[in-house]
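Student: Could we go through this structure together? I would like to begin with the hydrophobic packing and then turn to the sheet.

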Amino acid sequence: MLRRYRTVIVVISVLFITFLHYTTIPTLYPLHHFYSELYYIPIFLGGLVWGLRGSVFIYFMVLIFDSPFIVFGWSGKFLPEVARLYNLILQGVFAIFVGLLSMREKRIRDRAEKMRYLAGLGQVASTIVHDLKNPLITILGYSKRIREGRGDAGEAVQEISEAALRMQKIMNDVLDFAKPMRLDLKAEDICQVISRAYGLCKVRAVKEGINLLMELPPVPVMMNVDGFLLERALVNFVNNSIEASKAGQSIVVSASLRKAQLSVRIKDEGVGMDKQTLDNVFVPFYTKKNSGTGLGMPISKKIIEEHKGTIEIESEPGKGTEVRIVLPYEPGLKP
Ligand code: ADP
Ligand code: MG
């Protein structure tokens, strides 16, 4: 807001001071001097906002506005005129000083930003390479065994294809995370979206002996959503719950409608999260799993936020986790 109007603010302050400066010429001479000192403020602001060019430009603007007064207010007396000249020179020196300081500050800030960016990029690159390394070692190891005719070829092929799938997942996650997200919004029954996500996770839950349950509103809830992406976010949350749970534990996926909000909850009885995990759960590449990418939660957060929704997490180590997603709901949408 302030950034948008900063030019206007600086120019208006110069004009306003000039106005005060001129209207006090005949009557309030001491005030008149005081107002000319106020020119330091826009010069300072100009330097702060645009660097040396800004402060010097504002200084010249002040000089131009002041020039009629310099010419017509000529007193002919030596000391007052020297004082005025001194004041003008001082303002010029001030403009250069503020401009140079502000540019130096900006250069330092830019350099620090660039270093941070490069460090971040390096960290991301090494994380991805590190994640890809393990499945690659598996593939190389098993293909060598096949070549040398050692071990069970069927088992080797199985291990190789699992490792390749793992590499594919890492690459897909990284790509999903890196590319800008564009929603393809369509009127859809959110219960259907949740059911699809539930269906995708059910097989795995059954295989691991986990009781995956679903509680949905009895009527269709039509919403303008990108069903595909929302389904993926839900799958990520439910998969995390499955990965945190043991056989015999339950996970409940439920949805409820209240006024202008739809809330979806994914509640598990799994390992839960300590404070450090909870604080970092949305940080890209943060994972506590050996085979995790740490991108599931950040991608899901992005999807929910693109839908103007929010995510809250409540978790207690040893007790379980509840992820609560709240999406804005507008009634009256037809299928
Ligand atoms: P990944 O699943 O690949 O580790 P995520 O971004 O999906 O990456 O999750 C990041 C971390 O958050 C997980 O490694 C896990 O420690 C923690 N986490 C997320 N959901 C849960 C949950 N339901 N219960 C316990 N821990 C969870
Ligand atoms: Mg995950």
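This is a predicted model: local features need pLDDT of at least 70, side-chain atom pairs count only at pLDDT 80 or more; totals for chains, interfaces and linings use all residues.

Student: Which residues touch the most other members in the largest nonpolar core?

Tutor: They are Ile190, Phe237, Ile266 and Ile325, in a core of 49 residues. Domain 1 (1–179) and domain 2 (186–328) both contribute residues, so this core lies between them.

Student: And what does Ile190 touch?

Tutor: Leaving aside residues up to four places away in sequence, Ile190 touches Val221, Met223, Val225, Leu230, Leu262 and Leu327. There is also a second, separate core of 11 residues, with Val14, Ile58, Tyr59 and Ala95 among them.

Student: Turning to the sheet, what is the strand order?

Tutor: The order is S2-S4-S5-S7-S6, in an open sheet of five strands with mixed pairing. Strands S2 (211–215) and S6 (310–316) are at the edges with a single partner strand each, so one side of each has no neighbour in the sheet. From one strand to the next, the twist averages 10°.

Student: In which sense do S4 and S5 pair?

Tutor: Strand S4 (residues 250–258) pairs with strand S5 (residues 261–268) in the antiparallel sense, over eight bridges. Arg258 stands opposite Gln261 in S5.

Student: Which strands does helix H7 touch?

Tutor: Helix H7 (residues 227–244) packs on the sheet and touches S2, S4, S5, S6 and strand S7 (320–328). The direction of H7 makes about 25° with that of S5.

Student: What about H9?

Tutor: Helix H9 (residues 296–306) also packs on the sheet, touching S6 and S7. Its direction makes about 140° with that of S6.

Note on methods. Residues are numbered from 1 along each chain as its sequence is written. Chains are lettered from A and ligands numbered from 1 in the order in which they are written. Side-chain values use heavy atoms; hydrogens and water are left out. A nonpolar core is a set of buried Ala, Val, Leu, Ile, Met, Phe, Trp, Tyr and Cys residues joined through side-chain atoms within 4.5 Å. Buried means under 20% relative accessible area, exposed over 50%, partly exposed in between (1.4 Å probe, protein chains only). Domain bounds come from an automatic or database domain assignment. Contact means heavy atoms within 4.5 Å. Two strands pair if DSSP finds at least two bridges between them. Helices (H or I, at least four residues) and strands (E, at least two) are DSSP runs, numbered from the N terminus. Axes are lines fitted to C-alpha atoms, for helices over the stretch in contact, and angles run from 0 to 180 degrees between N-to-C directions.
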